[in-house]
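Dear colleague,

Please look through it with the notes below at hand.

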Amino acid sequence: MNIILLSGGSGKRLWPLSNEVRSKQFIQLFKDEGGNYESMVQRVYRQITAVDADAKVTIATSKSQASAIHNQLGDKVSICVEPCRRDTFPAILLASVYLHDELGVGEDEGVAVCPVDPYVENSYYECVKKLEDAVKQGDVNLTLMGITPTYPSDKYGYIIPEDNGEVSKVKEFKEKPDTETAKKYLAQNALWNAGVFAFRLGYLLEKVHSMVDFTDYRDLYAKYETLTKISFDYAVVEKEASSQVVRYNGEWKDVGTWNMMAEVMADNIKGKAIMDVACENTQIVNELNIPIICMGCKDMVIAASGDGILVSDKERSGYMKPYVEKVSTDAMFAEKSWGTYTVMDVQPGSMTVKVSIRAGEHMTYHSHDYRDEVWTVVAGTGEAVVDGMEQKLRAGDVIMVAAGCKHTIAATTQLELIEVQIGESISVADKKKHELKQ
């Protein structure tokens, strides 16, 4: 299988654990078969490869999420990075051209597109494989997955099939309806539109070349910002006369809010927390190194991180976005390709950060114009390079890096540092990358 996973999101619906650089798909609230915590994207990759060990997975994402994907999945997947956010049609277009031009996927091969964040059983990806198998038969141009509805929802678009078969030609598409209209759709054997579809790569390349003027992947990447913001559904799916839908009857949940996440997270408590016997239907996620005690809480979700603390009725948690926008601050935690970065304290003229670098990983060779840095090694071993000079690192070592100095750190074993940034202007934008000459 060739699978494009769409990984987007602004990071507001699962605040304070999600933010601009850590969207919901990177929060580790599930558990794998060995009992270890895993995120949505790790779970999805594990399920895909369980169904097809040879599946080739490419994640279409923004620059801000690329480091988290590398941190959680390493080199197991390809990443197609959007230069800017332009909705699903440009993202799928760019990823499809990337598959052809950069990865060498042939025009006759099938490609399936899926969102990265549903909570599903393995049977969902078995159904995705059916979509690609249908593409190879060549009877239609697009094959979609339709979710068998469990109630007349007003949150999803609908696919109206021509009949009630497992595979049916598509009659028409419907926008998100009100509840009464949704009931009428269900009477027509309607299916929820899950945003999952498959096509022959050559079909899409031919179609997009007729819609967008570009020569190859590099040219399209350079022109990406000029592309119209439009969904793939509007641009392609709803205009395609030759399409069919495969019915999926298994478990499918859109975990876009804390209310839904609470239903599927592995444990009722993650982190330092205690609930008394009077608590009912309540979940706690605590990323802070201080305890939370809940007494008599019913139907609630409590989430705490360096970005803030949420205490909410589960039903009301779905309406938090406008309130989060009023208090949003710079992200206090970020996953990097080499490890993690946690802000511990911010003061006028300084910021203190805990840096964890995985064994065998290293930062880029870079410099800052407006701040000095002081590194204190807490645990582990590694090597620092400052303006070309190498120095071995071990617990207790302190290194000072003046503004303008080029520097990097490489971890031999898991390396834990405390980094103090000092300067009148401390910003993530104050960073210049350099080539490290060996």
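In the largest nonpolar core, which has 41 residues, the members that touch the most other members are Leu-5, Ile-48, Tyr-124, Val-128, Met-145 and Trp-252. The element that gives the most to this core is helix H4 (residues 122-137), with 6 residues. If neighbours within four places in sequence are left aside, Val-128 is in contact with Met-1, Ile-3, Ala-112, Cys-114, Met-145 and Val-196. Apart from this core lies another, of 40 residues, which includes Phe-199, Tyr-203, Val-208 and Tyr-217. Please bear in mind throughout that this is a predicted model.

How do the axes of H3 and H6 cross? They come within 10 Å of each other and cross at roughly 120 degrees, which makes H3 oblique to H6, since only angles of 65 to 115 degrees count as roughly perpendicular. The crossing in which H3 passes H6 is left-handed. On the H3 side, the residues that meet H6 are Phe-89, Ile-92, Leu-93, Ser-96, Val-97 and His-100, and their counterparts in H6 are Leu-201, Leu-204, Leu-205, Val-208 and Met-211. Sorted by class, this contact has 9 nonpolar and 2 polar residues, and no charged ones.

With best regards

How values were computed:
Residues numbered from 1 in each chain as written. Predicted model: local features only at pLDDT ≥ 70, side-chain atom pairs only at ≥ 80, totals over all residues. Heavy atoms only, no water. Axes fitted to C-alpha atoms, helices over the stretch in contact; angles between N-to-C directions. Helix = DSSP H or I, 4+ residues; strand = E, 2+ residues; numbered from the N terminus. Parallel < 35°, antiparallel > 145°, perpendicular 65-115°, else oblique. Left-handed = near helix turned anticlockwise from the far one by under 90°. Contact = heavy atoms within 4.5 Å. Nonpolar A, V, L, I, M, F, W, Y, C, P; charged D, E, K, R; others polar. Core = buried A, V, L, I, M, F, W, Y, C linked by side-chain atoms within 4.5 Å. Buried < 20%, exposed > 50% of the residue type's maximum accessible area, 1.4 Å probe, protein only.
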